[in-house]
Amino acid sequence: MADSFQHDLVALVPRLRRFALSLCGNRTDADDMVQAACEKALRNRAQFRDGTRMDSWMYRIIQTLWIDDRRRARTRGTAVDPELAALSDEGKAAALPGDRLMLVRVRSAMAALPEPQRAVLSLVAIEGLSYKEAAEVLDIPIGTVMSRLSRAREALLPQIGESGGRRQ
Amino acid sequence: MTNGGNTPGEGAALDRSLLAAFVDGALSPEEAAAVVMHLADHPQDQAYVDDLIAANEALAAAFSDPLHEPVPEAIRAAIMGDGATGDAPAGEGAGHPGPRHVIPFRPRRPSAVRIGWALALAASVAAVAVLVTGRPGPSDGRLLTVGPVGDRSDLARALAGLPALEPWTLADGQQIMVLATVRTADGRYCREVEIVDQAAARIETGIACTRADTGWTVDIALQEALQQDGEGDGFATASGAGPGSAGPGSLEQFLDQQGAGEVLSPEAEALAVGSGWTR
């Protein structure tokens, strides 16, 4: 018999999958990460205080799993999404229709960001967390949230901002 | 191409981190209102804000596929325990079977919130199904019609500034209440609205969402009749939101399709109101 904790967790899964996807860039790894995070959440559910935000708690679990994954991956190489790989072949990229090309460009730009910036940008710009909430999830000062955001946007805006998006 | 420098005669540009804080909703309502005023006279800063908003939208679009997909079976099984089938069916009653594995992206709000408020208005009231025939028009007094919201209308005023769960009685006796405010996956706002007209024995419910640059638009509107006696199954037909939309689950379905997030807290809602819904 499933209880409300489990039902609430299932309801969060689409957002958790989105967050995981923005961090690691491919669907399979993202879903593996979400599943591992949910299993960890169930093991540690005694640590979750009822009435606090389960989404923040889950974002943090996913982010720590991801950081651990990245450390391991550095020693053995990582899976690259085939669409991202297409960018390295200019001919293939040029053949994509405009809006598809934009999606690929955005995903590649995120993948090129340093991991700390990627996590902050994803939590604030995609998941909609406040600076304070993002700071709590990542266990960093609010000032660090703001400076990472600022650097992430400096890198990304020329590629995916309003003017960047229209550039062909 | 803007280079971030001042244009002579334009006056001081705002710091980019302040403009980012504005877009990210980190400013107080007063600070946000001041930025809105500033942007009106500073096209370069407005362009930067537009850039940030476009980037946020592009980011959301690039990664939001999972929001529109059912929960993968392996993940569901991991959460519920292997072999558990105790989850509730996705449909919400009459006429709404739905795919078996769809779990709403937002936790479902209890429909008792809506019915309970209507019950509080009269001693004994029951909602009954009515068939909506013909096009709504100004002559039948309905406020919620699918389409852009008129700038000076009462509905526009309610959407712009009424906090959730605060009833507002209009001059003609109708009562408007915003039930909830949410944000869609691409950063727009949607507000669920309920309007009770005792004289016409009618409750209207619907959802209006912001559009870039054009303000509020009603995307879906339902109507139920209020009756003193009798019973009904609470079923109402809907206009808007596409073919096949009917029944009390329509509003939830619409919000799910928009990838709507959790209901905004009073603080977050006040921020949005203060910034003129321009975050």
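How do the axes of helix H1 of chain A and helix H4 of chain B cross, and within what distance do they come? Working from a predicted model, I found that the axes of H1(A) (residues 4-24) and H4(B) (residues 73-80) come within 9 Å and cross at roughly 160°.

Next I listed the contact itself, in which A:Gln6, A:His7, A:Leu9, A:Val10 and A:Val13 of H1(A) meet B:Ile75, B:Arg76, B:Ile79 and B:Met80 of H4(B). I sorted the residues of this contact into six nonpolar, two polar and one charged.

I then turned to the strands of chain B. S3(B) (residues 168-169) is joined to S4(B) by two antiparallel bridges, with B:Thr169 partnered by B:Gln175, and in the five-residue stretch between these strands B:Gly173 takes a positive phi near 95°. B:Gln175 also has B:Val196 in S5(B) as a bridge partner; S4(B) and S5(B) pair in the antiparallel sense over eight bridges, and B:Gly187 in the turn of their hairpin has a positive phi of about 90°.

S5(B) pairs with S6(B) in the antiparallel sense, over eight bridges, and B:Asp197 stands opposite B:Arg202. Four residues lie between the strands of this hairpin, where B:Ala201 takes a positive phi near 55°.

Last, I checked burial: eight of the nine residues of S4(B) are buried, so S4(B) is largely enclosed by the rest of the structure, and nine of the ten residues of S6(B) are buried, so S6(B) is largely enclosed as well.

Key. Residues are numbered from 1 along each chain as its sequence is written. Chains are lettered from A and ligands numbered from 1 in the order in which they are written. This is a predicted model: local features need pLDDT of at least 70, side-chain atom pairs count only at pLDDT 80 or more; totals for chains, interfaces and linings use all residues. Side-chain values use heavy atoms; hydrogens and water are left out. Buried means under 20% relative accessible area, exposed over 50%, partly exposed in between (1.4 Å probe, protein chains only). Two strands pair if DSSP finds at least two bridges between them. Axes are lines fitted to C-alpha atoms, for helices over the stretch in contact, and angles run from 0 to 180 degrees between N-to-C directions. Contact means heavy atoms within 4.5 Å. Ala, Val, Leu, Ile, Met, Phe, Trp, Tyr, Cys and Pro count as nonpolar, Asp, Glu, Lys and Arg as charged, and the others, Gly among them, as polar.
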